[in-house]
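Student: I am new to this structure and would like to go through it step by step. Please show it first.

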Amino acid sequence: MGELTFDTHIMEEIRSGQKLPIVERFVTISGEAPTMGQPMYLVRFSGCNLSCRYCDTPYRNEINEILTIAQLCDDIDRIRISYPGIIILFTGGEPLLEPRGTIVTDIAMRLHDVQFYVETNGSMMIDEAAPDNLHYVLDWKTPSAGGGETFCVDNLHRMRADHDVIKFVTDESDLPYIKEKIELIRSKNESIRVYLSPQTGKIELTKLADFILSNKLNAAISVQLHKIIWGEKRGV
Ligand code: SF4
């Protein structure tokens, strides 16, 4: 689908959060921790504040439809009735780009019997008062992403160990940085779950496993299951 153009009135409604710019939405199988393998409804918000070297969503700034919050809630409600137990993933781009952080919380509170996961790049503050059905997956950007230190370290105090997780997408050169950051995470919170996700073709799984075990790290490997199932395809 091509990128649409909008008049200044609609762009202002997007900026103010009255309307939400969407790249795509579809039912799929979750490819990554902590929900790997589960059926989910993926909603990809448009726009990102970073430009990581290895980004696999170069179409992250497309706006292919614009929904009000009420329309998105109705859509999610329809999906969860037609597919009982399905989880919802808000991703991007960056789903917490201002003013969407509070909107995401609002949607989760409205649909309190649905489980929501928010895949964020960690540079935005998460909601420390998030409801129990809202879970954050914070992707801590490493040097190979090329954007410098972007992770908001205050989030370590806001995360709830039984709800939120940290993920590092890594190549071989990132490993010393990740070891240092895991030590930092553990000094602040011993129970936050940490996942290491290998960049495709940039690190062998055996190397990653050796890294975890030889350093006695409390961290798990997460592979991109959707790419194993469907390959490098858009919309899955
Ligand atoms: S934060 Fe995610 S969507 Fe944004 S540029 Fe980086 S990898 Fe791409």
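Student: Why is Arg15 partly exposed?

Tutor: Arg15 is partly exposed because it has 13 other C-beta atoms within 10 Å. A residue is called buried with 20 or more other C-beta atoms within 10 Å of its own, exposed with 12 or fewer, and partly exposed in between, the C-beta atoms being placed from the backbone. Please keep in mind that this is a predicted model, in which local features need pLDDT of at least 70 and side-chain atom pairs count only at pLDDT 80 or more, while totals for chains, interfaces and linings use all residues. Residues are numbered from 1 along each chain as its sequence is written.

Student: Where is the place of Arg15?

Tutor: Arg15 belongs to helix α1, residues 8-16. Helices (H or I, at least four residues) and strands (E, at least two) are DSSP runs, numbered from the N terminus. Arg100 is 85 residues from Arg15 along the chain, yet their C-alpha atoms are separated by 9.5 Å.

Student: How many helices and strands does the protein have?

Tutor: There are seven helices and nine strands. The radius of gyration is 18 Å, close to the 18 Å that the globule rule gives for 236 residues, so the protein is as compact as a globular protein of that length. That radius is taken over C-alpha atoms, and the rule is 2.2 Å times the number of residues to the power 0.38. Along the principal axes, the C-alpha atoms fill a box of roughly 55 × 35 × 35 Å.

Student: In what order do the strands form the sheet?

Tutor: The nine strands form an open sheet in the order β3-β1-β2-β4-β5-β6-β7-β8-β9, with mixed pairing. Its edge strands are β3 (65-68) and β9, each of which pairs on one side only. Two strands pair if DSSP finds at least two bridges between them.

Student: In which sense do β1 and β2 pair, parallel or antiparallel?

Tutor: They are antiparallel, over seven bridges. Phe26 stands opposite Leu42 in β2. β2 and β4, in contrast, pair in the parallel sense over five bridges, and Arg44 has Thr91 in β4 as its bridge partner.

Student: How many residues of β2 are buried?

Tutor: Six of its seven residues are buried, and the strand is mostly covered. In the protein, buried residues make up 33% of the 236 residues.

Student: Which residues have the most contacts inside the largest nonpolar core?

Tutor: They are Val43, Ile88, Leu89, Phe90, Phe116 and Val118, in a core of 47 residues. Strand β2 (residues 39-45) gives the most to this core, with five residues. A nonpolar core is a set of buried Ala, Val, Leu, Ile, Met, Phe, Trp, Tyr and Cys residues joined through C-beta atoms within 7 Å. In soluble globular proteins, nonpolar side chains tend to be buried together.

Student: What does Leu89 touch?

Tutor: Not counting residues up to four places away in sequence, Leu89 touches Ser30, Met40, Leu42, Val43, Tyr117 and Glu119. A contact requires C-beta atoms, placed from the backbone, within 7 Å of each other. Among contacts between residues at least 6 apart in sequence, 72% join residues at least 24 apart.

Student: A new topic, then. Which residues are around the ligand?

Tutor: They are Cys48, Leu50, Ser51, Cys52, Cys55, Thr57, Arg60, Gly92, Gly93, Glu94 and Asn121.

Student: What about the backbone? Which residue does a cis peptide bond join to Glu98?

Tutor: That residue is Pro99, with omega about 5 degrees; Pro99 lies in the loop between β4 (87-91) and α3 (100-110). The bond from Ala33 to Pro34 is also cis, with omega near 5 degrees, and Pro34 is in the loop between β1 (19-29) and β2. Most residues other than glycine have a negative phi, and most peptide bonds are trans. Lys216 has a positive phi of about 50 degrees although it is not a glycine.

Student: Where does Lys216 lie?

Tutor: Lys216 is in the loop between α6 (205-214) and β9 (220-221). It counts as exposed because it has 6 C-beta neighbours inside 10 Å.

Definitions and conventions. Near = placed C-beta within 6 Å. Contact = placed C-beta atoms within 7 Å.
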